[in-house]
Amino acid sequence: MTPLVAWEALPLAVVLSSLVPGIGIMLLGEEAQRARITLNLLGAVAKVVLVGFMLQGVGAGASYAWRFTVLPGLEFSLVGDALALLFVTLSAVLWLVTTVYAIGYLEGGENRRRFFSFFSLCVTATTGLAMAGDLFTFVLFYEALTWATYPLVVHRGTPEAIQAGRRYLVYTLVSGTVLVLGAVWFQVETGGVAFQPGGVVDPEAAAAAPGRYLALFLVLLAGASVKAALFPVHGWLPVAMVAPAPVSALLHAVAVVKAGAFALIRLLHSLFGIEVASDIGAAGIVAVLAAVTILYGSIRALNQDDLKRLLAFSTVSQLSYVALGVALLTPTAQIGGLVHLVHQGIMKITLFFCAGLLAHTLGVKKISQMGGVARRMPLTMMAFTVAALGMIGIPPVAGFLSKWYLGVGAMEAGLPWVVGVLLASSLLNAAYFLPVIRTAYLDASPDRWPSEGDARFGRIEADVRLLVPALVVALLALASGVFGGSPWSPLGWAELIVGRGDL
Amino acid sequence: MSPGLDSIHWMTLVVLGPLVASMVALAGTPRTLRLGLALGVGSVLVGVGGLWLTFGGGDPVLRNPLGGWGAPLGIDLRLDGLALVMLSMTALVGAAISLYSTAYFGDISFLPLRDSPAGRGARFFAPLWLLLWSALNGIYLSGDLFNLYVLLEILGLGAAALVTLAVTPKATVAGMRYLLVSLVGSLAFLMGVALLYVVAGTLSLELLAEEGLQGPLPAAALALMTVGMAAKTAIFPLHAWLPPAHAAAPAPGSAVLSALVVKGSFYIIVRLWVDVYGVGPGPAVFVLGLLGAGAILWGSILALRQRSLKRLVAYSTVAQLGYLFVMFPLLVSGDGGGWNVDAWTGGFYHALSHGVAKAAMFLAAGSMSYAVARDDLSAISGIAHRLPMTFFAFGLGGLSLAGIPPSGGFVAKWLLLRAALADGGWGWALLLTLGGLLTLAYVLMVLRYAIDRTDPPTTFRPVPRRMEWTAMGLALLSVLLGFRAVEITELLAGALP
């Protein structure tokens, strides 16, 4: 197999495919709806196509890198390697779906120009940091992501939204500043900032001064853990769910928290190298923090009545599976962690799409209002159920595969307590998701829904622009599980990354 | 470039061009005002372009006696990478400010030029600013201390006059205070220069550097000159005159003062400490660093407490100047007692991006005040929705100041942090980090007012497009500086002795 496209600057093209629409939309007028939607969709489709070419190329053994010197010794570098593509593909595909959903959800509302412009910039920053070839470029996009997301979080302009936005900024800006400090320290300590499979830290230097290297790691971890919503710095995430549903989908599945989890992967594997990280005790700290976060998030999700808030705490918990997996030494666990980056994204976006559908169509926002909603919106609740079962870890939905690999990997590593955490978390997942499903299917419907719009959708239960994306991602979640054995499935790709030694 | 045009011609052009233009503008008819600005901007841009073409490779310093008289008698001009970078920054910022000013002072052909307050600004801004520009370019290129003194006096007088253009009692008081500080500062400088002449018998920077100045008298001279320049640069704790003065001037004047003028006296301090004296590690540079730390912290805290937009931006200048002084202790921390190149390039990259970003912020703030005819923060409530481009210009400039990537401020912060950490200077590193967060805090405070729609202003005057575009252009430039720093940092590094 040969690469179809061997153009070195392909990663740059992927970044530009959403940057250009983002800027274009900002320059268009608020009323230029048709042009805005066209630009948005063109960019989103172009990104998927470009990423497709890159996937095929990397699968065939090619590599893509685009570099530009900023300072002597510091580069702006975009690299499309196997690990980067895992994240980029997720973002590109889910962005396309979310764009359609967001058009259905928000066109007709206020400030659409601002919203869709920053929506594109947000994905630009995400794909940029996914393909960052070094820590300098990574930090650049990591910070840019904060600013691109803020207007989306406060989109509604309500006092709660402003308050949530303020908290989001305080958390992310302080951590971003710490990350910059850590990045410079890393360069001073090791001489370079380029990401490399297996890490760039000299094992002997780290063995000679484990304390200093651990401190360095912890500074970088403090910078990365806020976006990854690790306990105890997860507090911005449940508050930020005041944003409109497409934004929550983006925050929780595509962009911000994923950027944080990806930062942890880069930190553990591409900078320190997992062996060094284990030797100095850093990986252990991450694993324990992740385990605590998994349990904490699940417990907090238990008694929520607000559906989106429940989903937010579920994200806090599920995201730490990624951190836990990649912090372990065994390849199986690492595959589990990597693939959960994708699986969690697909499943969680489904759940948020469904929550948005319920709120948008019926005004249902609380679980106590969901009685019998499955009879009114059967397709929506079917999608919701598939994703929720996946989150619990029931085969054949994607989440099962993640948990299986994580569990097996933990046993191989001789860490039975990790398996205990996984089991406990699955039970808790069941304890907060199953009652929701039961209410939706078995309880009696109310006489009238909180705010069912006058809009009639014919025989279809909701606006198709919202419903189709939800069904598509639910199918993806199912397919990723069923076809997990294919080399082009997320699992197949994660195995390729670890198998090739690209992690 | 045509043969026969040497860098001396271009150097002469960038100094004399704005001076001649200033005299043209002084004639004071709408036509000559515009002609003067065009002439000034044109001559500086052409001159700086020529310098970029003729400079490069080989010997970084060119000495060119003007009128055939060399040191120690005549006027010496010297050009190195640092001077070229400062000249270029001043040229770009100056061009944007000049363009902005033509819109800000309105269609001058309809103004009663001599009588109204607006008329006074419109009448005298251009000639004063062009005179300042000539003096600034002269300071960058000057090779001896006496010339520097003369140019400093012109700079100080012109700057104080800019403040009083606003013709309010506040502005007059602020302007007079500025003038006083400026004169005392120049006097201290002159005493230092005289002392040095007694000791060394020359005022050429080059010859003085070769002297290898040692002992109590040269040290006293340096102290006098530094105190004088520090007062003019408004370094903490000599900063109190700056915020009222910079805030009182008309918007393009504020931008000139905050972005450019304070850099002139700072530049002289650097020339003295690094080029002439070559001051090594010791308590002296540490004290300069501490003053910088005080400026960063105190300036930022005061900025956070302001309720007037322009005063907030002015206090931000006080804080940002602190970074330039933190450069000194970092600068002497190089391997084996040498200079730390990262500190040097980082410090001046900060000077550069601060110049661009601060001008963008003051111009944007000027557009906001222009629109609502008031200057308090609550008056700009919701302005982001009326003037989105101006809002973005202010925001981008502010984020660049705070060192948010991608921006020139981020590159500068990275370099300064690297300089600090390479030497284990954790105190300085934490100071720089904290300073960035404080900057974010006050920039965000303004942005929050600007997006808040609860109490929209009642009056709204349409803002000329040109005012919006020029501020945005500078803001974008401050972002672009974060993408490519190779050439500029090489020029800067080449200027380190």
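Where is the place of A:Pro232 in chain A? A:Pro232 sits in the loop between helix H8 (210-225) and helix H9 (236-239) of chain A. Helices here are DSSP runs of H or I with at least four residues, strands are runs of E with at least two, and both are numbered from the N terminus. The peptide bond that leads from A:Phe231 into A:Pro232 is cis, with omega near 5°.

Before I go on, some ground rules. This is a predicted model, in which local features need pLDDT of at least 70 and side-chain atom pairs count only at pLDDT 80 or more, while totals for chains, interfaces and linings use all residues. Residues are numbered from 1 along each chain as its sequence is written, chains are lettered from A and ligands numbered from 1 in the order in which they are written, and side-chain values use heavy atoms, with hydrogens and water left out.

Chain B also has a cis peptide bond, from B:Phe236 to B:Pro237, with omega near 0°. B:Pro237 is in the loop between helix H8 (216-233) and helix H9 (242-248) of chain B. That loop also holds B:Ala234. Phi of B:Ala234 is near 65°, a positive value in a residue other than glycine. B:Ala234 is buried, at a relative accessible area of 0%. For this term, buried means under 20% relative accessible area, exposed means over 50%, and partly exposed is in between, with a 1.4 Å probe and protein chains only.

B:Ala373 is not a glycine either, and its phi is positive, about 60°. Look for B:Ala373 in the loop between helix H13 (341-372) and helix H14 (383-386) of chain B. B:Ala373 is exposed, with a relative accessible area of 65%.

Next, the two chains together. How many residues of chain B are in contact with chain A? There are 32 on chain B, and they meet 31 residues of chain A; contact means heavy atoms within 4.5 Å. The size of an interface is often given as the accessible area lost when the parts come together. Here chain B and chain A bury about 2,800 Å² between them, 80% of it on carbon and sulfur atoms. Buried area is the accessible area (1.4 Å probe) that two parts lose on being put together, summed over both. B:Trp414, B:Arg418 and B:Phe483 supply 22% of the area that chain B buries against chain A, more than any other three residues.

On the side of chain B that touches chain A, the elements giving two or more residues are helix H15 (388-401), helix H16 (408-422), helix H17 (426-451) and helix H19 (486-494) of chain B. The residues of that side divide into 23 nonpolar, four polar and five charged. In this count Ala, Val, Leu, Ile, Met, Phe, Trp, Tyr, Cys and Pro are nonpolar, Asp, Glu, Lys and Arg are charged, and the others, Gly among them, are polar. Between chain B and chain A the count of salt bridges is zero.

A salt bridge is a side-chain nitrogen of Lys or Arg within 4 Å of a carboxyl oxygen of Asp or Glu. Over all chains, the search finds 11 salt bridges. In one of them, the side chains of A:Glu30 and A:Arg112 meet at 3.5 Å, N to O. A:Glu30 lies in the loop between helix H1 (10-27) and helix H2 (33-59) of chain A and A:Arg112 in helix H4 (residues 112-131) of chain A, so this pair ties together parts that are 82 residues apart in sequence. A:Arg112 also forms a salt bridge with A:Glu31, with the closest N and O atoms 3.8 Å apart.

In chain B, the side chains of B:Glu206 and B:Arg78 meet in a salt bridge at 3.2 Å, N to O. B:Glu206 is in helix H7 (residues 205-211) of chain B and B:Arg78 in strand S2 (residues 75-79) of chain B, 128 residues apart.
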